[in-house]
Amino acid sequence: MTTDKGYRKILENKLYDSYIHKHIRYPVIDEEKWNLLLFLVEQHKTLTSLQREKYIISTMLVQIALDTHDFVPVKQKAGTENEMIEKQLQVLSGDYYSGLYYLLLAEAGEIQFIQTLANAIREINELKVTLYYEEQLPLETWLNIKMKLNASLLVHVAKYLHGAELESIIQNWLMYRRLDTEEATYGYSLLRMEWEARNNKATSMPLIDEKLLRDYEKAVYRAISQLSNSSLSMEQFIYSQETNELRTSRL
């Protein structure tokens, strides 16, 4: 049975390209999503070891592709030739990682899982378009979109493997962990800064405070209490992650 370390090594081998990483930073793993993905896949007892490997690696390739594209400035123009090359490579490397997931699953004949990840990518892009063009979104709507964006990929994987009842848990838990991590790392929320920048600080408000953080946490345990399939051990997984301090890592 492949271990966490073994999966990381396989992913690293898929990602490495000496030319790309000469110009742009090496991909970073979101540890929260990595651990949750491993849990979701390993809890599906009928998967073969090969299927587990393909599902884990292909999903993380998509996540890294999405994260890589998010680093590309939407409006900022490159000031120098090197900056232009870096920006172009950032886009192309995201496309490259995305292409790898398709190749990996196509070779294994996993057409249904290809469709699952493609549906997640489509939903994420649609949500990003809404954020970009809808400039006057209410705070609650904006937060809901950000929560869905943060969790969409793993929600689609969870639905494919276990059905729809984990959606609320995954969305709220990943949002809670994101806010908690940002507060612990920076002393403030990057999400709050994004909201204030979007609104030119005209509607600045205590967006990220203890109450909002606890609201997400309560939503997680409320959803857990309504689970019908206790064999997923979702509560034990979440408790185990509460003591895990490593939130992101380089491969």
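Leaving aside neighbours within four places in sequence, which residues is Glu 182 in contact with? In this predicted model, the residues are Gly 187, Tyr 188, Ser 189, Leu 190 and Leu 191. Glu 182 itself is found in helix 8, which spans residues 167-186. Its relative accessibility is 8%, under the 20% limit, so Glu 182 counts as buried.

Two of these contacts, Tyr 188 and Leu 190, also belong to a nonpolar surface patch of about 380 Å², together with Tyr 186 and Met 193. Met 193 lies in helix 9, residues 190-198. Met 193 counts as partly exposed because its relative accessibility is 43%.

Just after helix 7, Gly 163 takes a positive phi of about 95°.

The largest nonpolar core has 67 residues, and those touching the most other members are Leu 11, Leu 36, Ile 169, Ile 170 and Met 234. Helix 7 gives the most to this core, contributing 12 residues. In soluble globular proteins, nonpolar side chains tend to be buried together.

Met 234 shows how parts of the chain meet. With neighbours within four places in sequence set aside, Met 234 is in contact with Leu 36, Phe 39, Leu 166, Ile 169, Ile 170 and Leu 227. Among them, Leu 36, Ile 169 and Ile 170 are also listed with Met 234 as touching the most other core members.

Terms used
Residues numbered from 1 in each chain as written. Predicted model: local features only at pLDDT ≥ 70, side-chain atom pairs only at ≥ 80, totals over all residues. Heavy atoms only, no water. Patch = residues over 30% accessible without salt bridge, like charges linked within 9 Å, V, L, I, M, F, W, Y side chains within 5 Å. Areas by Shrake-Rupley, 256 points an atom, 1.4 Å probe, with all protein chains shown as cover. Salt bridge = Lys/Arg side-chain N within 4 Å of Asp/Glu carboxyl O. Helix = DSSP H or I, 4+ residues; strand = E, 2+ residues; numbered from the N terminus. Buried < 20%, exposed > 50% of the residue type's maximum accessible area, 1.4 Å probe, protein only. Core = buried A, V, L, I, M, F, W, Y, C linked by side-chain atoms within 4.5 Å. Contact = heavy atoms within 4.5 Å.
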